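Work through the exercises below with the model open. Each task is followed by a stepwise solution.

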Amino acid sequence: MLIYCIKRIGLGILIVMLAVTLLFFMIHLVPGDPARILLGPRATPELIASMSQQLGLDKPLPIQILMFFANLFRGDMGMDVITNRPVADIVFGQLPYTLSLILTAIIGAALIGIPLGCYSAINRNSLADRVTGILSVACITAPAFVVALYSLLIFAVYLKWFPAVGAGEKGDFGDQVAHLVLPAFAIGLSWVGYLSRLVRASMLEVMGENHIRTARAYGLPERLVVFRYALKLAVLPTVTVIGVGMGFLLSAAVFTEIVFARPGLGKLIFDSISTRNYPVVMGSVLVSTILFVISTTISDLINAWLDPRIRASL
Amino acid sequence: MKKTDQKNATLELSRRRFIQASGALGVAAATGGMSQVVFADGKKILKVRAYGDLRSLDPAFSQGVIDEEIQSSIYSKLIQYKPGREWGYQLDAAESIEQATPTTIKFKLKEGIMFTGGHGEMTAEDVKYSFERIIAEATESTNKPDWGTLKEVTVDSKYEGTIVFDEAYPPAWNIALPYIVGNIVSKSAWEKAGGKVDTTTPSVSGPYMHKAWEPKQRTVLARNPDWHGGSAEFDEIHILPIDDESTAQIAFEAGDLDYTRVPLGSVSNLKASPPENSTLEEYPSLFYVWVGMNVENEQLSNENLRKAIQHAIDVPSIMQASYFGAAQPSTGIIAPGLVGHREKSLVAPEMNIAKAKEYLAAAGMEGGVTVTLDVLNKAANVTTAQVIQATCAQVGINVEVNLHESGAFWSLGDSSAGERYKDIQLILNRFSMAPDPSYATAWFVTEQKGIWNWERYSDAEFDKLEAAAKAESDNTKRAAMYEKMQDLMEESGAYRFITHEATPVIYNNGVKPAFRPDGLPLFRYFASA
Amino acid sequence: MLQAIKRICGDPLGLVGLFLVALMVLSAVLASVIAPYDPIALNIIDRLQGPSFKHLLGTDQLGRDLFSRVLFGGQVALKIALISISIALCIGVVLGMIAGFGPRWLDNIIMLLFDTIRSFPTVMFALATVALVGPSLSTVVVIIVITSIPTYGRVVRTQTLSIKSNEYIQAELAMGASTFRILSMHLLPNVVGPLFILASMDIPTVIALEAGLSFLGMGVKPPTPSWGSILNDGYNLIRNTPWPIIAGSIPLVLVTLGFTFLGESLRDLIDPKLRKSL
Amino acid sequence: MSKNVLTIRNLSVNYQTDQGTLQAMRNVNIDVPKGSIVGVVGESGCGKSTLISTIIRLLATNADIPNGEVDFEGRDILTLSEDEMRKLRGDRLSIVFQDPMSSLNPVLTIGKQMTDIQYRDKKTMAQKRQRSINMLESVGIPDPASRLNQYPHEFSGGMRQRIAIAMALQAEPSLLIADEPTTALDATLEVQIIHLLKQLQSTIGCSVLFISHHLGVIAELCDYVVVIYAGEVVEEGTVSDVFKRPQHPYTEKLLECDPANIAQKTRELPTIPGNVPDLVSLPSGCIFKDRCHTKIDRCDNERPQRIDAADKHYVSCHLRSPQ
């Protein structure tokens, strides 16, 4: 177990480093001089040169990468040249908004999608199963930005149930939750569909396994058979998918954060790439890959906790 | 103010309480009217939209309109833009100000203007410091060009001073004194801060103070109790950065905003059925949109081809399709209301198939030709590009549209960033503008080739006029010069002018807004109705 | 094959899926015959119209017939999906086999690469790629290929590992059969089915990704009619008319339903255990 | 009250398939007398699993029962409600499945699974655990208290089958169905399990319906044997009668093919030539006629009746009919 954790952490660090290095190369192939874009139309060539130097862009690429890691090792993610604030402050300032959004979305989706999938599996081929099937799959397609737009129009403009933009008053939990509902709905909806299909499929598979027949043959109540004996196994692939899904949700967050004018990591990445604000790009991508590594690790650990066979193989 | 407004205002219902009161079902919420200037917790708060986030509170590093909307509310200037439909200025920190000689401006400050944070009274020394630091090499201010030929500011007495230019610089009245570089900061505060501030400011002297910045969420301004002009109207102004205009409109309709610019596409619908208790106003805009052609490109060095393209672009169709009929075709790069605006362009806005074909024949390309059009990936641009593509096709010019995201687009014509600038042919471009014609023409001189002059247009006469017009103080002569410059641009065939766009704004009737003639908000003058 | 089709017909949802997929493929292939208008012909006067007999799904801001654009958009969607998925499949199969059959260190490197690609937020990767080469159909394809290789690669690797440990493979290896022979004779036939199903279920994802890229202005070049660009136009026009966004959503939803149900049906028929290896 | 725990009369089961109606079992009669062990023998696919599924009422959804009754302790199982049926399962009627590797839930501890099935008893958790420990002890699991906290994958195959038996007998049922419980085990384990079953059966005093294709095991363990071929009972009787004096040609062949009965060394193992008939389109006459070496004309068109060959020894074959 301990060895497994150490291995995971080592692998995680390796992935993050590789990702950052790849990003460095990608950034340097991309056209658009950051110094020039950051400084705006009025910048003189001298200003641009001085900015390039500040950004460290005048040094050879491998040196830049090494410098980045060296600074990172000291806990320094660099400075944002526009606002002159530490990148770490900027990224970690935005992180809670995205984390709360993603977690709300995925937890909400799991709370709705998993029971829905169970229900479909138990009532296989019933009318209700078919209807939920069609609805779930239709949900999967709905692009986040379309759902976001319509939920804004319906729930914020016409019904006025929820506020439209922003993330709510600082320190006012109720207000923040109210601001979270629609964006989380927008990115969670497709996951409701996805998870319910996934759970239905794995549930059907598990329900066909011998030990379920055994449980039934011992006369266990169906409720117990489904929720204790089958579901625990059926959610295993779901947990893995959710772990990997955090990465996809970060992409979806970009759309919702734009449409809901909500602060967050997704929008930060989008904005900083468009403005070629490289220190912020590096910092935010670094954090998002770490986030991904952590979420897959957590999902593996949850699987190990649920399934003793996996636990034994760690 | 209508009765209902008062009623809503006195309800003192914050959004949060509103939600709590109406419960998750929100049955009651649906019946509520537009939010008025929100009186949350007894505070008078103005909520407005900006199209981007704060970048700097230092006038020397202000990145344009977004920063200026905030800075102009917290700093004082000698003069401010006057709200209204016509360009003009009114006094702010200055008790009096005049153009003493063509190269000097004399001013006298009001007495008793206090800087917050214990930095004392504003003196001519502060004005000198504020203006001269912008042009000092060491500051590395990107806004230096706004001061044109500024040489120095001399202090004549505690409150009096003289702004001295090397050469006459009339634009100072339009784009320097009442704009970004005209903000006066406290010398002692700035020196204490090391000569530069970032996203916080040590001292202000305007009606509002900078209270908080929540990145990508909002900037909060609070009333400055020490303001020399009396008491500001609102306890707080919340400036929300909302990039997407549709979202901004939705936020307004949902009651999250008291004022916002709305998309041009929404104008006709908002006119037909305006949201309750709100007012839509349409202002012109200073932006200028044009199709530029790279005269040094092998294919487009053919002047006749350029002229054929000028005539093959149908601007009225673009107005309908991309701007929903809410904007007018432009005659050049200088908007109506500014000195040097042309009443008519040389090439009519409507396409002229016969002429276009004629020029194409003259260019020796009757058989058809293919050119590329580079476009920034924003909706209006993409639509415009497709209209251009369609109308050009009618005369045998095949236009291939290349989309770019903003970072890549803005470096297209940059000759210091590789060889791409040589390959670009047609560019659909849009520049922002300050209210002086010199601001527009500055980008098209020979010196700007490969910087912002992506057409690589070069004309000795244009360059000469550009330099002279900047220093010309007689407005009639100035106008003639700028009109001539736009004629030259158009005659070269390298430019097809499209539009200045428009600025439709909407605000709820609880607010009495204040706008520049181009529709940009002057938050310091916003009041409640 | 005939058996499979026959059995799909016995499953109502599978049948619906088959029908929808066939409908999409047919309408895309026959777009130029069915479509009442040229999908890129402007008609500014008729812009932003609601559905009518003249324009079944209305018109967009340039007066283009949305029904025709949806039909031709199907061609684009199919093209993007088929090209990108087949390229991703080929590369994924090769890399997956190498990872599964090759030496341990190579396996580790490939898996590390896969994990790295997955750990990148897709949009981030797409943004950088678009910034690099500009938005176009082929850019969309490249983005999809790179981001979906790890999925296929992992499936193939898992299958390879499990087949490799089979006794008959060990026996063949002992008798000196070449790796190539084993991979092509034993492995390929075993992974083709699952991969085919996986790929068919991926098609909607690919189409949705294109829509998202178009929303960020990184999709196909105008005036190419793609469902994503119709949706994106519709998004910007939503305050004027809801029809373009509806016109863009309908085919997207139908195709997703079609491919998902067909894929699930096939999976249940051919290999109920497939999901486990994903 | 009848002396049988289980009486199956005239039972038929059909499956609806794409190809048509598959008649998996036809007019089957089986008796399980109290306290006895009845073996059911037949090739794979002969309907053994269908028989079990019918008795415990866990048939696939595409199955239906056109006729017959399954009398268990005086009640017809087929007419019971789902709820009443569930009350019987695991209490009066228990089962041990074939594959010990897959028949236990892999993600729950043995203890959890063993206490879960005592959900009907109003006992404390500690009491239920103690019961489980006792059961595990009685099936020969060492250190049962601590092993209760382990998961199935931590046990060997033989151990797991012992656990399964312990679970099945925990409630002291009146009928235990054992579905080829030893097939997945190797020979030495098989013997142990058989002995264990026999010993527990006599302690508890329950009846056992023992399904197997292994004649040796049946001979060793059972009192009675039922021979099934392609969904029909072809012969039944006491083990000694049937094994010593098989009346049906199929039983004869089965005994011939049993490796344990082959005295001489041969190069080839004897097999029964031919295939099991298609149960969707049943041939007329005797079901075994195509593979029968003693087929007569009557076999082609006339179905053989169940006849008494001796006391409690029944057979369905024209050769044995008095006519």
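Two residues are in contact if their C-beta atoms, placed from the backbone, lie within 7 Å. The model is a predicted one.

**Exercise 1. Chain D as a whole**

Task: Describe the fold content, extent and contact pattern of chain D.

Solution: 
- Step 1. Take the secondary structure. Chain D holds 11 helices and 12 strands.
- Step 2. Take the extent. Along the principal axes, the C-alpha atoms of chain D fill a box of roughly 65 × 50 × 40 Å.
- Step 3. Look at burial. Of the 323 residues in chain D, 44% count as buried.
- Step 4. Look at sequence separation. Consider contacts in chain D between residues at least 6 apart in sequence: 63% of them join residues at least 24 apart.

**Exercise 2. The domains of chain D**

Task: Which domains make up chain D, and what does the domain 1 side of their contact consist of?

Solution: 
- Step 1. Domain 1 of chain D covers 4-92 + 172-263, and domain 2 covers 106-170.
- Step 2. Count the contact. Domain 1 of chain D brings 13 residues and domain 2 of chain D brings 12.
- Step 3. Find the main contributor. On the domain 1 side, helix α7 (residues 187-204) of chain D gives the most, with 6 residues.
- Step 4. Sort by class. That side of domain 1 of chain D has 10 nonpolar, 1 polar and 2 charged residues.

**Exercise 3. A sheet in chain B**

Task: In what order do the strands of the open sheet in chain B run, and which helix lies across β7, β8 and β9?

Solution: 
- Step 1. Order the strands. The 4 strands run β6-β7-β9-β8 in chain B, with antiparallel pairing.
- Step 2. Find the edges. β6 (94-101) and β8 (150-155) of chain B each pair on one side only.
- Step 3. Neighbouring strands are turned by 20 degrees against each other on average, direction ignored.
- Step 4. Inspect one pair. In chain B, 5 bridges join β7 (residues 104-109) to β9 (residues 160-165). I105(B) stands opposite I163(B) in β9(B).
- Step 5. Helix α4 (residues 124-135) of chain B lies across β7, β8 and β9, at about 165 degrees to β8(B).

**Exercise 4. S432(B)**

Task: Where is S432(B) found, and what does S432(B) touch?

Solution: 
- Step 1. Locate S432(B). The residue is in the loop between β19 (426-431) and α15 (437-441) of chain B.
- Step 2. S432(B) has 13 C-beta neighbours inside 10 Å, so S432(B) counts as partly exposed.
- Step 3. List the contacts. Leaving out residues up to four places away in sequence, S432(B) touches G64(B), V65(B) and F287(B).
- Step 4. Compare sequence with space. S432(B) and V65(B) are 367 residues apart in sequence, and their C-alpha atoms are 9.3 Å apart.

**Exercise 5. Chain A against chain D**

Task: How many residues form the contact, and which element gives the largest share on the chain A side?

Solution: 
- Step 1. Count. The contact takes 21 residues from chain A and 23 residues from chain D.
- Step 2. Name the elements. α9 (210-217), α10 (222-259) and α13 (308-313) of chain A give two or more residues each.
- Step 3. The largest share, 7 residues, comes from α9(A).
- Step 4. Sort by class. The chain A side has 11 nonpolar, 4 polar and 6 charged residues.

Definitions and conventions:
Residues are numbered from 1 along each chain as its sequence is written. Chains are lettered from A and ligands numbered from 1 in the order in which they are written. This is a predicted model: local features need pLDDT of at least 70, side-chain atom pairs count only at pLDDT 80 or more; totals for chains, interfaces and linings use all residues. Two strands pair if DSSP finds at least two bridges between them. Axes are lines fitted to C-alpha atoms, for helices over the stretch in contact, and angles run from 0 to 180 degrees between N-to-C directions. Ala, Val, Leu, Ile, Met, Phe, Trp, Tyr, Cys and Pro count as nonpolar, Asp, Glu, Lys and Arg as charged, and the others, Gly among them, as polar. A residue is buried if 20 or more other C-beta atoms lie within 10 Å of its own, exposed if 12 or fewer, and partly exposed in between; C-beta atoms are placed from the backbone. Domain bounds come from an automatic or database domain assignment.
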